[in-house]
Amino acid sequence: GAFLHGVTGYSKNIKVGPKQSDYSRVAAYPNENISRRLGWLNMWNFRWRNWRCDLIFASLYLGIVSSLYPLCGILDDYEVFNPTHDNFKFVIWLVQKIWSLFLRIVFSERMSLLCCVGFLFGALALQPISPNVKSRTRYFVAFSHACAHIAAALTCVLFVQCVAEWSVREGIVNIASSVTERHVYSTPGAGISATIYDEYRTHFYPVLKNFTVANSHTGPQFSRGIGDFDSLPDTIKQSIEFLNNLGDYLFSTVPLLKTTLNFYDLPSLVAQNHNEMCSILCAGGIECLFSHDETRYHHVKREVFVPYLAAVTLYFMFLAIPIAGSIFGTWLSVCLNILECHNDLAFSSLCIQHYKNFVKLHITANGELEVYAIGLDKVPTRWMKDPAHKGAKCQKGLRTVSPSWLLDRPSKWLPMRESKRQDPTIIDYTCIPKRRIKSS
């Protein structure tokens with residue numbers, strides 16, 4: 001085949017044929033030790049070899065946490081529980097919060113609960129029914145696989161929400177004290193603006209004012225600096241007027257600069273909208289970390305929640321997708337090397353093109369049949385033409401091809417880099433003696 005399939009999980013002694021004759025395997029390529037060692041590569045290679053699965057993992061993980069945003073006051077909760085930042089207490093706090101979020105999903109979040117149940121049934125469907133695995137072990141592994149994904153998704157959302165609140169507390173990202181006046185900041189002394197566009201208007205605009213708009217009604221004046229504008233040819237004046245109209249359209253009618261900067265200003269967007277949503281959900285000192293009042297959720301504007309969810313999702317996916325791929329790859333490695341199942345799926349995901357093998361037959365002069373099993377540990381991936389190859393010959397306008405066994409260089413291709421691992425090795429050899437068939 002195109003990719004390697006290992007020999008892990010196959011019995012050495014089997015029955016074959018209609019008479020159920022005994023068959024014992026005496027050799028395998030690659031051997032079982034190499035196959036097991038290659039199988040563990042799924043733990044860190046699955047995601048990079050199967051990047052098309054990122055969309056599936058992203059959708060499932062987002063479905064699990066979509067009902068939990070925002071986790072208001074999560075950083076304060078951690079500071080109260082672990083003021084000394086002890087590693088052991090951090091693990092305890094993390095386990096407690098994951099369990100609390102899971103209970104919230106079970107009792108109050110329908111969308112997240114649906115995705116968790118889908119994860120559980122999906123993991124059970126992917127777990128194969130094998131004679132080597134007991135039913136209890138199969139259910140346990142499937143349940144552990146699903147729980148690992150759910151815990152990973154909840155860990156990622158805890159991390160993202162803690163970072164969002166930590167960036168505001170430390171003054172890395174500034175937020176406005178109100179929605180209408182974004183130039184009034186709630187973090188005094190930070191020295192930065194609430195958005196990148198405000199930062200540009202405050203510090204960079206005075207230097208670049210000759211090239212950008214002065215207000216929302218005037219665009220870039222490209223004729224500025226030209227001596228006698230009326231004395232210019234009509235074509236140049238028309239070009240300058242067109243540039244002025246285009247600049248006025250882009251910077252006034254369509255706020256190009258502000259829109260572009262806001263598109264890349266995701267940290268400020270997350271911090272500002274997180275603060276606004278929490279001020280509504282937690283108004284009056286109500287506890288809103290692990291429960292949200294649905295009536296208060298209705299007061300959150302869509303133009304606040306939708307951009308917030310989109311921005312947080314980007315950060316969440318960059319963190320969650322590699323973890324999801326590692327968990328799935330680890331599950332494949334465990335199924336292959338411990339449970340001895342999923343041989344095809346585990347090796348197909350690795351896409352290993354090496355360890356090719358073939359059989360070569362040779363009939364001797366006395367009629368015996370020699371069978372050689374030949375293997376290649378490493379297959380070249382880059383090739384070049386062999387200048388010494390002489391496959392075709394021309395005689396009097398006719399093109400003749402010599403048989404390959406008569407050629408010193410039968411292949412017209414050579415590997416660009418030669419290695420000892422590319423040398424063929426004999427895996428096994430057997431000789432079938434000549435037998436005379438008695439005529440009736």
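**Exercise 1.** Find which residue stands opposite Ile14 in strand 2.

Solution. Ile14 faces Tyr23 across the pair. Strand 1 covers residues 13-16 and strand 2 residues 21-24, and they pair in the antiparallel sense over four bridges. Pairing requires at least two DSSP bridges between two strands; strands are DSSP runs of E with at least two residues, helices runs of H or I with at least four, both numbered from the N terminus. The hairpin has four residues between the strands, and Gly17 takes a positive phi near 80 degrees.

The model is predicted: local features need pLDDT of at least 70, side-chain atom pairs count only at pLDDT 80 or more, and totals for chains, interfaces and linings use all residues. Numbering starts from 1 along each chain as its sequence is written, and side-chain values use heavy atoms, without hydrogens and water.

**Exercise 2.** Describe how helix 4 and helix 7 cross.

Solution. Step one: the axes (lines fitted to C-alpha atoms over the stretch in contact, with angles from 0 to 180 degrees between N-to-C directions) of helix 4 (residues 74-81) and helix 7 (residues 135-169) come within 8 Å and cross at roughly 90 degrees. Step two: helix 4 is therefore roughly perpendicular to helix 7, a label for angles of 65 to 115 degrees. Step three: in contact, meaning heavy atoms within 4.5 Å, Ile74, Leu75, Asp76 and Glu79 of helix 4 meet residues of helix 7 including Trp166 and Arg169.

**Exercise 3.** List the residues that Ile64 touches, not counting residues up to four places away in sequence.

Solution. Ile64 touches Ile105, Ser112, Cys115, Cys116, Phe119, Ile150, Ala153 and Leu154.

Methods. Parallel < 35°, antiparallel > 145°, perpendicular 65-115°, else oblique.
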